[in-house]
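Subject: Structure for you to look at

Hello,

Here is the structure I promised to pass on. Please open it next to this message; my notes follow below it.

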Amino acid sequence: MSRDEIVDAMAGLVLFADLSRPQLAAAAHTFEEEWFTEGQRILRQGFTGSNFYVILEGEAAVKINGETRATLARGEFFGEVSVLLGEAPTADVVALRPLRCMVLAGPETEPFLIAYPRVMYRILQAQARRLRTANLWRG
Amino acid sequence: MARVADRPHPPGRYPLVVVGSGPGGLQVSYFLRRLGVHHAVLSADPAPGGMFRRYPLFQRLNTWTKPYALAERRTRPYEWYDWNSLVGDEPAHRSTVPEFMDGTSYFPSRAEMARGLEAFAERTRVQVRYDCRWEATRREDDGFALETSDGQYRSRAVVFAIGMAEPWKPDIPGIEAVPHYVDTPPVTTLAGKRVFLIGKRNSGFEIADALLPWARQIVLGSPRPPIMSVFTSGAGVRAKYLVPYEDYVMGGGVFILDATIERVERTADDWRVFTTGQRTGPLEFRVDQVIATTGFSTPLADLPALGVATFSQGRLPRQTPYWESSTLPGIYFAGAVTQGAIGIRKHGSAGNSAGVAGARHNARVLATHLAQTRFGVAIPRPALGSDGVVGFMLAEATRAPELWNQQAYLARVVTLDPAAGWVDDGIVPLAAYVDAAGPDAAAITVELDTNGDHHPTVYLRKDGRVSEHALPADPLLVFEGTKQRAELAALLGDLGPVAA
């Protein structure tokens, strides 16, 4: 996949919907592309030093103590909670089929979000939705 | 000159074929032979050395070999202070590069490096069929057939140690006309000229550094800000090339531009480079020379058509933690290509496999893995004893070159064997260890934390679950103190008997 195709794929994701083409191109260079085979772990519960991932293609399961709690698909992202808090993830994320991601190194995530506040706002919106859903469950 | 009949490994069937005679090919062949795995090594080159027969362009490496260091030359711990020599089991096979260094720098020259590699090949009697070019590959029922300039080789498995050797350029309109790094014009022809370098990695900074006494103006442009190894303790532009960066910071005529290169145009008497940066907006540069310092790709030839999946815009094959194609079993990689096996990417770091320093250790682990899994070779598992295991692991964390060169990537594993007690299971890829089921065991690595401190880190596997435990750091990097001993003994004590 060429860099242009990656930029095209990013342009279709809600997370990056507010970025101009040059911003997308620059962001595409900040991330690395990474592939995972079916069954491969991407995030490991309890391991420090994790990173921020955005799914370009494929599907992944969120597992806590081996039990699947959610699935993630194209356009969704994971790893942000442990990166933001500087703590080890509380779940495994495992590829359910071949999975293509963009990855941003943990230490590069803060400068990236500060450079792209519109992406940060989209992440906040996604977190707000998750919080709302969690509150509905509790209520 | 040797006659054709005298050359080793004539065409035919072999248990294993290795392609390449750079550091990766030499290193994997050396260990395969010591493990008793019969194999053929083929190389298109006329002599050993791989990329070091030609590069780096400006004749000086960016990785250290310290003639005098905290460990004695020709010992295993010395390998950490010598990132360029290949590694060996016998003292005579170790530390070949410093022998040829003239003392002007602790970064060997290209020629010193090449001589070190030749000396290794000569002393270890690595057998290579030179001038034998791999031309095509075919899948067969029980493996692969390689067509070469000398005839056909057949084998169940192949190790490709073919380097990141193919000049690579991104899709930028007009870049076809731009010379690549490998075709950089002589610096004397750039005296007083304005030069635009596309790319901000080591090769871009290498040229910028060489042009400082020549060029009038140097611009390094690419979308991503430069990453400097002094901040990452690993990946990024090496300290040796920091001078152009300092020149930029001080405003001396070097410009480091974070911008997308929109297109390049060749005019009658100069070049135009059109860029758009998030901070700079659109900027047009008129320069006398443009050079694409945009890196290299793996010369995979027909392997992708056979089923070897790639990533990073086709530049690297996707690999398992043991450097096997993740989509075409039986195809393995050694050398710089092993940077495509990312590991567990702690804090974003994907190991140090792009350089000889990391790839040489990968080659030993790969040879051991192949010997064990494909050729039934039993690898000794020395017993450590309940009174020896703690000291052994901490000594490894303090001095093992594998753990220092490949931080959070390679690990030393000790397993609790029901019959023999604690045994040494050797060096393995950390990703393979933490994600595989297995008996109760512990692995130790060296890792950086977010403050830049090195820690020995233990991965304890108990009842099939792996947990991570960082041991205390030490200001002098000696992890054999009472605190580390006590903490490690407590961790291992959870699995089996241990005397601290």
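The contact between the chains takes 23 residues from chain B and 27 residues from chain A. On the chain B side, α10 (430-435) and β24 (465-470) are the elements that give two or more residues. By class, that side of chain B has six nonpolar, 10 polar and seven charged residues. Bear in mind that this is a predicted model.

Helix pairs

Two packed helices are described by the angle between their axes and the distance between the axes. I have one such pair for each chain.

In chain A, take helix α1 (residues 3-11) and helix α2 (residues 21-30). They pack at an angle of about 110 degrees, and their axes are 9 Å apart. That makes α1(A) roughly perpendicular to α2(A). The crossing of α1(A) and α2(A) is right-handed. From α1(A), the contact uses Arg3(A), Ile6(A), Val7(A), Met10(A) and Ala11(A). From α2(A), Leu24(A), Ala25(A), Ala27(A) and Ala28(A) take part. The contact of α1(A) with α2(A) divides into eight nonpolar residues, no polar and one charged.

In chain B, take helix α8 (residues 389-399) and helix α11 (residues 482-493). The packing angle is about 120 degrees, with the axes 10 Å apart. The range for roughly perpendicular is 65 to 115 degrees, and α8(B) and α11(B) are therefore oblique to each other. The crossing of α8(B) and α11(B) is right-handed. Val389(B), Val390(B), Met393(B) and Leu394(B) make the contact on the α8(B) side. On the α11(B) side it is Gln484(B), Arg485(B), Leu488(B), Ala489(B) and Leu492(B). By class, the contact of α8(B) with α11(B) has seven nonpolar residues, one polar and one charged.

Spacing within these contact sets is worth a look on screen. An α-helix has 3.6 residues a turn, so residues three or four places apart point the same way.

How well is α1(B) covered? Mostly: 10 of its 12 residues are buried. The buried residues are Pro23(B), Gly24(B), Gly25(B), Leu26(B), Gln27(B), Val28(B), Ser29(B), Tyr30(B), Phe31(B) and Leu32(B). What covers them includes β2 (16-19), β3 (40-42), α2 (110-124), β7 (157-160) and α7 (356-375) of chain B. The length agrees with expectation too. At 1.5 Å a residue, the 12 residues of α1 (residues 23-34) of chain B should span 16 Å, and the end C-alpha atoms are 17 Å apart. Gly36(B) follows α1(B), and the phi of Gly36(B) is positive, near 80 degrees.

Helix α5 (residues 117-138) of chain A is hardly covered. The count of buried residues among its 22 residues is one. Its length agrees with expectation: at 1.5 Å a residue, the 22 residues should span 32 Å, and the end C-alpha atoms are 31 Å apart.

Backbone points in chain B

A cis peptide bond joins Tyr55(B) and Pro56(B), with omega about 5 degrees. Pro56(B) lies in the loop between β3 and α2 of chain B.

Arg345(B) is not a glycine, yet its phi is positive, about 50 degrees. Arg345(B) sits in the loop between β19 (331-333) and α7 of chain B. Is Arg345(B) buried or exposed? The cut-off for buried is 20 or more other C-beta atoms within 10 Å. Arg345(B) has 22, so Arg345(B) is buried.

Leu477(B) is not a glycine either, and has a positive phi of about 65 degrees. The loop between β24 and α11 of chain B holds Leu477(B). With 15 C-beta neighbours inside 10 Å, Leu477(B) counts as partly exposed.

One loop proline

Pro185(B) is found in the loop between β8 (166-167) and β9 (194-198) of chain B. Pro185(B) is exposed, with 12 other C-beta atoms within 10 Å. Leaving aside neighbours within four places in sequence, Pro185(B) is in contact with Leu190(B) and Gln289(B). Pro185(B) and Arg60(B) are 125 residues apart in sequence, and 18 Å apart in space, C-alpha to C-alpha.

Best wishes

Note on methods
Residues numbered from 1 in each chain as written. Chains lettered and ligands numbered in written order. Predicted model: local features only at pLDDT ≥ 70, side-chain atom pairs only at ≥ 80, totals over all residues. Axes fitted to C-alpha atoms, helices over the stretch in contact; angles between N-to-C directions. Helix = DSSP H or I, 4+ residues; strand = E, 2+ residues; numbered from the N terminus. Parallel < 35°, antiparallel > 145°, perpendicular 65-115°, else oblique. Left-handed = near helix turned anticlockwise from the far one by under 90°. Contact = placed C-beta atoms within 7 Å. Nonpolar A, V, L, I, M, F, W, Y, C, P; charged D, E, K, R; others polar. Expected span 1.5 Å × (residues − 1).
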